[in-house]
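Please work through the exercises below with the structure at hand, and try each task before reading its solution.

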Amino acid sequence: MVLRAQRAATAADAPAGAPAGLLARWGIPADAELVRAERGCNNRTYAVAHHGHRWVLRISQNLSAGQARAEHRLLGTIRAAGLPFGVPDPVPTLAGDIVAETPAGPATLCRWIPGIRPDLAGEPALERFGRVIGLLSRVLRTVPWSDAPQDWRGDPLRAHPDAPEIAELARALRDAGLPPARVRRLEAAARHVFPRAQEVAGDLPAQVVHGDLGASNALVDERSGEVTGVLDFEMAGPDARVQDLLVGLLLSGALAGPGWTRRTAALIRGHAGVLLLDQAEIGAVPDLLVLRCVGSVFWRAGRWRRGQASLSDVADRVAVLESVEAWLAVHRGRLLTLLAATAG
């Protein structure tokens with residue numbers, strides 16, 4: 001597993017209460033090296049190294065200790081399935097717990113998974129990634145819903161506990177200088193999202209899903225390109241089964257650019273090699289893409305209200321929503337044709 005460093009220090013350099021103090025709970029000495037991950041917006045993540053041993057320390061900003069323990073029960077089920085790639089494997093503290101509670105959030109230490117971030121620009125890489133999504137989905141189907149840290153059923157606008165009401169968010173975005181027309185489009189999408197979510201997802205197969213499958217949450221072998229690990233299951237929870245495929249399409253970049261049909265077909269083909277969709281799932285993909293983008297705006301808005309994100313971060317998610325709606329206005333029919341021909 002490779003984390004791009006913002007800074008590196010020994011544990012002895014860190015102030016009291018920082019990650020260095022946490023490492024002692026696992027018996028890791030104060031001269032261990034800490035490297036803060038450059039990426040990752042939902043938690044603080046560090047690479048830890050000491051005398052040839054490597055781990056990843058995560059301090060979650062989103063999960064309670066109970067949710068973190070549920071995440072690791074889920075991961076235990078996945079590891080037992082014998083998939084051809086790794087998932088985080090927690091190291092117990094000296095006290096025997098897999099979660100260390102801290103004022104900054106629950107902390108976990110996991111064993112290092114080798115690999116680099118994937119380049120998903122090419123069709124072979126996308127097909128491999130689609131297969132991984134399908135393999136993971138088959139295993140997640142067996143996970144009890146109580147063994148998931150999140151539950152995505154219900155109103156997407158309330159997925160984050162601190163998400164603001166539509167009017168409050170619209171006012172804040174206007175005050176921050178977002179063009180009024182963009183704010184109005186967000187308000188229109190948000191007003192329709194909950195009844196549409198119930199209508200679209202009501203009859204679809206539901207199970208635990210990963211919820212955030214993209215290149216940033218995967219690792220691959222540098223030489224072969226085969227996936228070596230899938231990371232960050234803190235967003236996992238019950239939802240429509242097809243969510244992981246459509247999120248993979250969205251976050252992989254498969255839908256972008258003039259060659260999107262070939263790249264999209266490759267990812268779908270990989271998924272279909274291990275898991276077929278039914279017709280209702282195929283037909284729901286375009287609307288679920290929009291619902292996902294609206295939910296992402298309000299999730300980030302909840303983090304903004306907590307002081308964990310900026311209003312510009314929220315505006316960036318609004319821009320993604322607009323881009324997806326504009327893309328679907330042109331390509332919805334072709335996307336559905338590709339899905340029907342390849343995924344079902």
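This is a predicted model: local features need pLDDT of at least 70, side-chain atom pairs count only at pLDDT 80 or more; totals for chains, interfaces and linings use all residues.

Residues are numbered from 1 along each chain as its sequence is written, and side-chain values use heavy atoms, with hydrogens and water left out.

**Exercise 1.** Describe the lining of the second largest pocket by element and by class.

Solution. A pocket is, on a 1 Å grid over the protein atoms alone, an open set of points where a 1.4 Å probe fits, with protein on both sides within 12 Å along at least five of seven lines, and its lining residues have an atom within 4 Å of a point. Begin with the list, which includes L249, L289 and W327. Next, turn to the elements: α6 (243–252) and α9 (311–342) each give two or more residues to this lining, and α9 gives the most, with four.

**Exercise 2.** Locate H51 and D232, and decide whether each is buried, partly exposed or exposed.

Solution. First, H51 is found in the loop between β3 (43–50) and β4 (53–60), and its phi is positive, about 50 degrees, although H51 is not a glycine. Buried means under 20% relative accessible area, exposed over 50%, and partly exposed in between (1.4 Å probe, protein chains only). Because its relative accessibility is 67%, H51 counts as exposed. Then, D232 lies in the loop between β8 (227–230) and β9 (237–240); helices (H or I, at least four residues) and strands (E, at least two) are DSSP runs, numbered from the N terminus. With a relative accessible area of 29%, D232 is partly exposed.

Notes. Ala, Val, Leu, Ile, Met, Phe, Trp, Tyr, Cys and Pro count as nonpolar, Asp, Glu, Lys and Arg as charged, and the others, Gly among them, as polar.
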